[in-house]
Amino acid sequence: GGGRRRRSRCVAQPAHTCNSRPKEKYQHLSIVVSEDADVVSIEVVALTLAPDAPLLADDSIKQLFVEYKFLSCDPELLETPFSLPKLPAGNSMSFNFKRVFRLDDPQFNYRDELASWMQSDDPSVGRIPFTIVSEPPTED
């Protein structure tokens, strides 16, 4: 049987770190976003849970991974390729997962999509939503 994934949202402006919104002060997600004329790189560095993180109180949650949404990229390419054991509060879970987007890739239209994404007046556009996901428990 399959378990249900639990999601915790952390929405970041493209910046060096992402802290959860004020009402969700239970995680710190370190990310690095770099860009030059032809490449955008997004790296999920580490996740640290605060003592009041609801994820810590749930004993059924054993493994966590991080996923995010960026432009029209395939969602399967935007999640850490592995989950890590949930650690106690204050301990850093290191993912060190980096994805590089080549803006001149002829297979995708990233350059035009990124330009309109960055120039949008819509406040929900121009943000990179990150989600902490619990891996379904394995059946022994």
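A contact means that heavy atoms lie within 4.5 Å. By that rule Pro85 touches Lys62, Gln63 and Met93, leaving aside residues up to four places away in sequence. The model is a predicted one, where local features need pLDDT of at least 70 and side-chain atom pairs count only at pLDDT 80 or more, while totals for chains, interfaces and linings use all residues. Residues are numbered from 1 along each chain as its sequence is written, and side-chain values use heavy atoms, with hydrogens and water left out.

**Confidence**
- pLDDT is the predictor's confidence in each residue, from 0 to 100.
- The protein averages a pLDDT of 76, and 74% of the residues score at least 70.
- Strands (E, at least two residues) and helices (H or I, at least four) are DSSP runs numbered from the N terminus.
- Confidence is highest in β6, at 94, and lowest in strand β2 (residues 17-19), at a mean of 36.
- Over residues 1-26 pLDDT stays under 50, and the model has 79 contacts beyond four places in sequence for them.

**Pro85**
- Pro85 belongs to strand β6 (residues 84-85).
- Buried means under 20% relative accessible area, exposed over 50%, and partly exposed in between (1.4 Å probe, protein chains only).
- With a relative accessible area of 44%, Pro85 is partly exposed.
- Phe65 is 20 residues from Pro85 in sequence and 9.1 Å from Pro85 in space, C-alpha to C-alpha.

**Nonpolar core**
- A nonpolar core is a set of buried Ala, Val, Leu, Ile, Met, Phe, Trp, Tyr and Cys residues joined through side-chain atoms within 4.5 Å.
- The largest such core has 28 residues, and those with the most contacts inside it include Val40, Phe70 and Phe101.
- β4 gives the most to this core, with five residues.

**Aromatic rings**
- Rings of Phe, Tyr and Trp (its six-membered ring) pair if their centres lie within 6.5 Å; planes under 30 degrees apart count as stacked, over 60 as edge-to-face and the rest as tilted.
- This rule gives five aromatic pairs.
- Phe70 and Phe101 form a tilted pair, because their ring centres are 4.9 Å apart and their planes are at 50°.
- Phe70 lies in the loop between β5 and β6, and Phe101 lies in strand β7, 31 residues apart.
- Phe108 and Tyr110 are stacked, because their ring centres are 4.8 Å apart and their planes are at 10°.
- Phe108 is partly exposed at 37% relative accessibility, whereas Tyr110 is buried at 7%.
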